[in-house]
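Grab a pencil and work through these exercises with the model open beside you. Each one has a task, then a worked solution.

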Amino acid sequence: MKKKEKRKKNIIREYVEAIECFDIALEIEPRFANAWFNKAQALGELGEYAEEVNCYDEILEIDPEDAVVWYNKGVALGNLGRYKEEVECYDEAIELAAQDLDSWNNKGYALHFLGKYDDAIRCFSKILEFN
């Protein structure tokens, strides 16, 4: 096995082990938002975007005003090609953190994928206003 392939398998194994640890923590404390967040991040690294979204939903039940979680949920939904829902997440993130350039940027791209080009341009223009 080539060194690069072995390293990749080790990284995947480490993410899987981390998820198992987060699951144990969540059995003890189901409202442990940091465990949900870290589990979501690990799932995203493994390409398990639907499960990643579920983790963000768990966090939003705990704290619906976490702009970072709304943003990350939007990214995961975008990875699933669920652009309408992705835009809704960025809207929530922007409502909570109006000058979050990443949310405006990703919302613009999602709107582009939905064929809403004028709305996408408005998002990108908003970024320029902040800079």
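## Exercise 1: helix α6 and its surroundings

The buried residues of α6 pack against α4 (67-79), α5 (83-96) and α7 (117-130). Helices here are DSSP runs (H or I, at least four residues), numbered from the N terminus. Buried means under 20% relative accessible area with a 1.4 Å probe, protein chains only.

A word on the ground rules: this is a predicted model, where local features need pLDDT of at least 70, side-chain atom pairs count only at pLDDT 80 or more, and totals for chains, interfaces and linings use all residues. Residues are numbered from 1 along each chain as its sequence is written, and side-chain values use heavy atoms, with hydrogens and water left out.

**Task.** Find which residues of α6 are buried.

**Solution.** Step one: the buried set is Ser103, Trp104, Asn106, Lys107, Gly108, Ala110 and Leu111. Step two: look past the helix end, where Gly115 follows with a positive phi, near 80°.

## Exercise 2: Asn106

**Task.** Work out whether Asn106 is buried or exposed, and what it touches.

**Solution.** Start by placing Asn106 in helix α6, residues 101-113. Its relative accessible area is 17%, so Asn106 counts as buried. Next, list its contacts (heavy atoms within 4.5 Å): skipping residues up to four places away in sequence, Asn106 touches Tyr71, Val75, Glu86 and Tyr90. Finally, check for a polar contact, a pair of N or O atoms within 3.5 Å, where within protein one must be able to donate a hydrogen and the other to accept it, and residues adjacent in sequence count only if both atoms are side-chain atoms. The side chains of Asn106 and Tyr71 make one, at 3.2 Å.

Definitions and conventions:
Helices (H or I, at least four residues) and strands (E, at least two) are DSSP runs, numbered from the N terminus. Buried means under 20% relative accessible area, exposed over 50%, partly exposed in between (1.4 Å probe, protein chains only).
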